[in-house]
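My entries follow in the order I made them.

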Amino acid sequence: MSLQSSHWRIAMIQCDVALGEPEVNRTKFEEAMERAAHAAEKPDVILLPELWNTGYALTEIGRLADPEGQHNRAWLSAFARRHGIHIIGGSIAENRSGQVYNTMLVFDRNGDEVAAYSKIHLFRLMEEEKYLQPGERSATFELDGVTAGAAICYDIRFPELTRSLALRGAKLLFVAAEWPIPRLNHWRTLLTARAIENQMYVIACNRTGKSGGDEFFGHSMIIDPWGEIVAEGGEAEEVVIASIDLTLVDQVRRRIPVFDDRRPQAYD
């Protein structure tokens, strides 16, 4: 199916991540991506979780991070081109001139890089700020003429970020996460709120498994612009696949014209 259609098929790769083992993780995720690419109904988009290449091996992250993201850029680009599938590359630990960023790489179905977004909001409860550099710019990108936005995990707690993406035309928000137990209710509620208030699809891939003292619950989700859950994974490893209809975004925005009714001049 072509993304020139309003109907998109989305695959989310919900897997455990081996702590500090980039090659092991790449092999594992490639196998899952290949299974998704050869499904009875081929997906148009594949989304990976946050820091799938290293996990939260933060004390070793400088050594483990992909220099300039070159290794993973080449691999993700080749996969996208070979299968004709858009790849939202979750996020990787990327070493840029000795500083490490948590970066989402996005490739269109031709294998061209259309976005690189580094996580803006660093999560102090996992001491990200001690080992990672924050990104300085939000990101929108186009997949066959449709505008989408990027977010990584903790970013969804900042509604102004998602609203700014929607105001720039985003009809979808792709979220890569390592969201831990016990905050499942926060995960569902925040993702649903971002979808409803911005009248967009929210597509969020979360990892599973354990890492150190943290445990991750999966529950990767697709939520439509009405706030209805289109698909939700369980807690085990799986490829969560579902279809969405982008015409619903415009229908909802016409029905309840929140963007036309905004009064930003009064908000200060």
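**Entry 1: a strand pair**

I looked up β8 and β9 (residues 146-152) and found them antiparallel, joined by 4 bridges. Strands here are DSSP E runs of at least two residues, helices are H or I runs of at least four, and both are numbered from the N terminus. Two strands pair if DSSP finds at least two bridges between them. The model is predicted, so I noted that local features need pLDDT of at least 70 and side-chain atom pairs count only at pLDDT 80 or more, while totals for chains, interfaces and linings use all residues. Residues are numbered from 1 along each chain as its sequence is written, and side-chain values use heavy atoms, with hydrogens and water left out.

In the hairpin of β8 and β9, 2 residues lie between the strands, and Asp144 has a positive phi near 50°. Phe141 stands opposite Ala148 of β9. Which residues of β8 (residues 140-143) form its covered face, and which its uncovered one? Phe141 and Leu143 are on the covered face, Thr140 and Glu142 on the uncovered one. In a regular strand the side chains alternate between the two faces of the sheet.

**Entry 2: the cores**

I then looked up the nonpolar cores. A nonpolar core is a set of buried Ala, Val, Leu, Ile, Met, Phe, Trp, Tyr and Cys residues joined through side-chain atoms within 4.5 Å. Buried means under 20% relative accessible area, exposed over 50%, and partly exposed in between, with a 1.4 Å probe and protein chains only.

The largest core has 54 residues, and Leu172, Phe174 and Trp187 touch the most other members. Strand β10 (residues 172-177) contributes the most to this core, 6 residues. A second, separate core has 21 residues, including Leu48, Leu76, Ala80 and Ile92.

I listed the neighbours of Phe174, leaving out residues up to four places away in sequence; among them are Val45, Ile88, Met104, Phe141, Leu143, Ala148 and Ile203. Contact means heavy atoms within 4.5 Å.

**Entry 3: helix α6**

Helix α6 (residues 184-198) has 15 residues and reaches 21 Å from its first C-alpha to its last, close to the 21 Å expected at 1.5 Å a residue. The expected span is 1.5 Å times one less than the number of residues. I noted Leu184, Trp187, Leu190, Leu191, Thr192, Arg194, Ala195 and Asn198 as the buried residues of α6. An α-helix has 3.6 residues a turn, so residues three or four places apart point the same way. Gln199 follows α6 and has a positive phi, near 50°.

**Entry 4: helix α3 and His83**

The 14 residues of α3 should span 20 Å at 1.5 Å a residue, and the end C-alpha atoms are 20 Å apart, which agrees. The buried residues of α3 are Asn72, Trp75, Leu76, Ser77, Phe79, Ala80 and His83. They pack against several elements, including α1 (22-37), β2 (45-47) and β6 (99-107). Just after α3, Gly84 takes a positive phi of about 65°.

Leaving aside neighbours within four places in sequence, I found His83 in contact with Glu34, Ala37, His38 and Lys42.

Arg26 lies in helix α1 and counts as buried at 18% relative accessibility. Leaving aside neighbours within four places in sequence, Arg26 is in contact with Trp52, His71, Asn72 and Trp75. Glu31 is also in helix α1, but is partly exposed, with a relative accessible area of 46%.

**Entry 5: cysteines**

How many disulfides does the model have? The count is 0 disulfides, a disulfide being a pair of cysteine sulfur atoms within 2.5 Å. Cys15 is in none, and the nearest cysteine sulfur, that of Cys205, is 8.0 Å away. This is too far for a bond between Cys205 and Cys15. Cys15 is buried at 5% relative accessible area, and Cys205 is buried at 0% relative accessibility.

**Entry 6: the record**

The UniProt annotation "domain: CN hydrolase", from an unreviewed entry, covers residues 8-246. UniProt positions are given in the numbering used here, feature names are shortened, and annotations may be inferred rather than shown by experiment. In the model, the end C-alpha atoms of residues 8-246 lie 8 Å apart, and the span is 26% helix and 34% strand.
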